[in-house]
Amino acid sequence: MPSTDFAPSLSGQAFLSGPRSSSPNQNIVPLTAQANAQGRLEVGGCEVSKLVERFGSPLYIMDEATLRQACQQYRETLKRSYPGDSQVIYASKALSCLSLCAVVASEGLGFDVVSGGELYTTLQALQQMGLTPAEAAAKIYFHGNNKSVQELEEAIAAGCTIIVDNWLELETLAQLGSQGLTEPIRIMLRLTPGIECHTHEYIRTGHLDSKFGFDPNQIEAVFTTVSQHPQLHCIGLHAHIGSQIFERQPHQDLGAILVEWFAKGLNQGLPLSELNIGGGLGICYTEQDDPPSIEEWCHAAAQAVVKACEARQLALPKLIVEPGRSLVGTAGITAYTVGSRKIVPEIRTYIAVDGGMSDNPRPITYQSRYRALLANRLAEPCTETVTLAGKHCESGDILISDLNLPTAQAGDILVVLATGAYNYSMSSNYNRLPRPAAVLVHDGEANLILRRETYADLIRQDCLPARLIS
Ligand code: LLP
């Protein structure tokens with residue numbers, strides 16, 4: 001059982017007034033989070049309890065300032081630390097919707113998509129922003145270890161860069177490319193670098209026993225095959241080693257390994273010009289988490305690539321990084337309404353909220369830990385330790401174990417922090433709960449970015465054959 005971190009007497013207000021880093025991923029709360037004069041939580045200049053009154057509960061709230069700051073820090077640090085060309089692309093799996101794409105694109109970032117659905121969402125957003133198909137295509141990189149033929153055709157039609165993951169995909173693309181396309185297909189190759197990093201087993205991808213990417217033993221054969229297909233224009237190499245990483249060394253090692261392979265590819269005649277070192281920088285969910293800042297991480301990774309290129313006298317490739325969590329994670333919070341309470345004498349007190357594993361599957365999937373505050377009672381000291389339960393018919397639907405709070409009453413607004421990444425995007429309708437709405441807050445304004453699902457939405461895909469009701 002996790003230990004208790006909040007000093008029992010510490011109020012939410014005291015917690016909020018603690019030191020803040022300018023790097024969003026090093027804080028648990030959004031940059032604009034503060035207690036107002038009534039002792040209530042405000043984010044983006046909007047009072048959370050009022051947002052819940054207006055938009056309903058549960059509610060995902062995204063702070064635009066935090067998101068923009070993270071985008072800017074990635075972009076500007078790479079520009080400063082890397083003398084070659086560079087590009088930050090947003091791993092949209094963390095949260096893919098039109099408005100997020102619009103904010104991220106307006107900060108000059110590109111996109112990593114991993115499915116036809118993410119590609120469609122991103123293209124729609126960019127088109128609505130007025131980008132031409134060619135401008136949109138230049139921003140998008142399509143990943144995935146088992147893209148369907150239809151998805152590959154969609155990616156080719158869109159003209160985006162396809163990150164080839166395996167032999168079947170290479171063969172399929174070579175075949176699709178020989179069917180009268182006017183342009184060669186722009187591809188990159190995903191390699192498995194064999195780098196171990198300390199993160200949850202499910203979110204580690206760069207070790208050799210991973211379902212992603214070509215095995216390093218096969219690199220030369222892959223390069224040879226690619227060079228035999230002029231319809232495949234291979235512009236670069238890619239690797240992603242995992243997620244929620246707190247060390248800098250793995251990405252430095254990765255930079256060096258990728259440069260070595262890059263040199264090999266050039267020697268074999270491939271027209272390589274881009275190097276993508278993936279994402280993976282961690283964020284703070286609790287006080288125990290201690291990630292480097294965005295600047296520290298970018299600088300370390302960029303320098304590793306520069307050093308490795310200098311050692312081989314290679315011209316600097318375009319350096320691509322593709323963070324997800326560290327761009328949107330800290331920008332997001334989830335507001336719930338407190339409901340029932342169950343006291344199991346001498347064991348624990350459960351407090352239940354009106355959501356749970358359907359809007360945040362991370363605790364039950366990865367045993368992830370979170371912090372929470374009573375948004376409408378920040379000035380009150382914590383008086384009890386509770387177990388925060390969701391409302392699903394599943395005993396494991398626990399959002400936070402051992403959470404210190406003021407004595408919560410039904411109707412209080414409870415906010416779980418750092419839920420911007422992999423919460424909405426991994427949400428479900430388990431128990432037929434409609435997905436919550438999401439709002440984007442900025443300078444006192446709140447805009448709906450994802451509508452709350454209705455009961456009608458829940459049966460939209462249902463079919464009822466006539467013979468069952470006649
Ligand atoms: N690039 C590739 C190829 C990836 O697979 C991922 C994440 C990223 C970039 C972005 O990684 P980030 O910067 O967000 O760490 N659902 C899990 C995380 C899975 C990450 C999957 N790949 C979670 O909730 O922790």
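Me: Which residues make the nonpolar surface patch of about 340 Å²?
Reply: Patch members have over 30% relative accessible area and no salt bridge; nonpolar side chains (Val, Leu, Ile, Met, Phe, Trp, Tyr) are joined within 5 Å, like charges within 9 Å. A salt bridge puts a side-chain nitrogen of Lys or Arg within 4 Å of a carboxyl oxygen of Asp or Glu. Areas are Shrake-Rupley values with a 1.4 Å probe, and for residues only the protein chains shown count as cover. Here L464, L468 and I469 form the patch. The model is predicted: local features need pLDDT of at least 70, side-chain atom pairs 80 or more, while totals for chains, interfaces and linings use all residues. Numbering starts from 1 along each chain as its sequence is written, and side-chain values use heavy atoms, without hydrogens and water.

Me: Is I469 buried or exposed?
Reply: Buried means under 20% relative accessible area, exposed over 50%, partly exposed in between (1.4 Å probe, protein chains only). I469 is exposed, at 61%.

Me: Why is strand β9 largely enclosed?
Reply: Strands are DSSP runs of E, at least two residues; helices are H or I, at least four; both are numbered from the N terminus. Five of the six residues of β9 (residues 185-190) are buried, so the rest of the structure largely encloses β9.

Me: Which strands pair with β9?
Reply: Pairing takes at least two DSSP bridges between strands. Strand β8 (residues 161-164) is parallel to β9 over three bridges. There, I163 stands opposite M188. Strand β10 (residues 232-238) is also parallel to β9, joined by six bridges. L189 stands opposite L237 in that strand.
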